[in-house]
Amino acid sequence: MSVTIEVIGGNEDGKIFEFNKFPVTLGRHHEDDLYISDTRISRHHARILRDDQAYFLEDVGREGKGSTNGTYLNNTRIVGKTLLSSGDTFLIGNVWLRFRVLQ
């Protein structure tokens with residue numbers, strides 16, 4: 001099963017990325033699976049994990065202590081690993097993203 005992450009606001013607005021291997025790392029480091037150039041995004045900001053049929057969004061940041069500016073899922077700041085559903089939107093830095101599971 002694969003997922004898409006669509007940029008719906010911010011740098012690279014309108015781009016869609018597809019992933020089928022997990023975890024998916026998001027940040028402004030060139031080694032991240034989804035690289036986004038935004039100074040409010042940590043080098044290794046967040047990641048998407050898969051456990052059986054469930055997906056989770058996790059705020060990672062430096063040394064696993066959380067990102068400097070936080071990760072917001074559906075307008076609520078998350079701490080640690082949080083359940084992620086198809087259609088959810090999340091904010092890292094100044095960039096809004098939409099998560100979708102492809103059937």
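## Pairing of S1 with S2

In this predicted model, strands S1 and S2 run antiparallel to one another and are joined over 4 bridges. Within this pair, Glu6 stands opposite Ile16 of S2. The hairpin formed by S1 and S2 has 6 residues between its strands, and Gly10 adopts a positive phi there, near 110 degrees.

## Pairing of S1 with S11

S1, residues 2–9, also pairs with S11, residues 95–102; the sense is antiparallel and the pairing extends over 7 bridges. Two of the facing positions can be named: Val7 stands opposite Leu97 in S11, and Gly9 has Trp96 of S11 as its bridge partner. S1 is mostly covered, with 6 of its 8 residues buried.

## The sheet as a whole

Strands of a sheet pair through backbone hydrogen bonds, in either a parallel or an antiparallel manner. Here S1 and S11 belong to an open sheet of 6 strands with antiparallel pairing, arranged in the order S2-S1-S11-S10-S7-S8. The edges are held by S2 (16–19) and S8 (76–77); each has a single partner strand, so one side of each is left without a neighbour in the sheet.

## The largest nonpolar core

In soluble globular proteins, nonpolar side chains tend to be buried together. The largest nonpolar core of this model contains 22 residues, of which Ile5, Leu26, Ile48, Phe90, Leu97 and Phe99 touch the most other members. Two or more residues each are contributed by S1, S3 (24–27), S5 (46–51), S6 (54–59), S10 (89–92) and S11. S11 supplies the largest share, 4 residues.

Which residues does Leu97 touch, leaving aside those up to four places away in sequence? The contacts of Leu97 are Ile5, Glu6, Val7, Ile8, Leu26, Leu34, Ile36, Asp88, Thr89, Phe90 and Ile92.

Rolling a probe the size of a water molecule over the atoms shows where empty space is left.

Definitions and conventions: Residues numbered from 1 in each chain as written. Predicted model: local features only at pLDDT ≥ 70, side-chain atom pairs only at ≥ 80, totals over all residues. Heavy atoms only, no water. Pairing = 2+ DSSP bridges. Core = buried A, V, L, I, M, F, W, Y, C linked by side-chain atoms within 4.5 Å. Buried < 20%, exposed > 50% of the residue type's maximum accessible area, 1.4 Å probe, protein only. Contact = heavy atoms within 4.5 Å.
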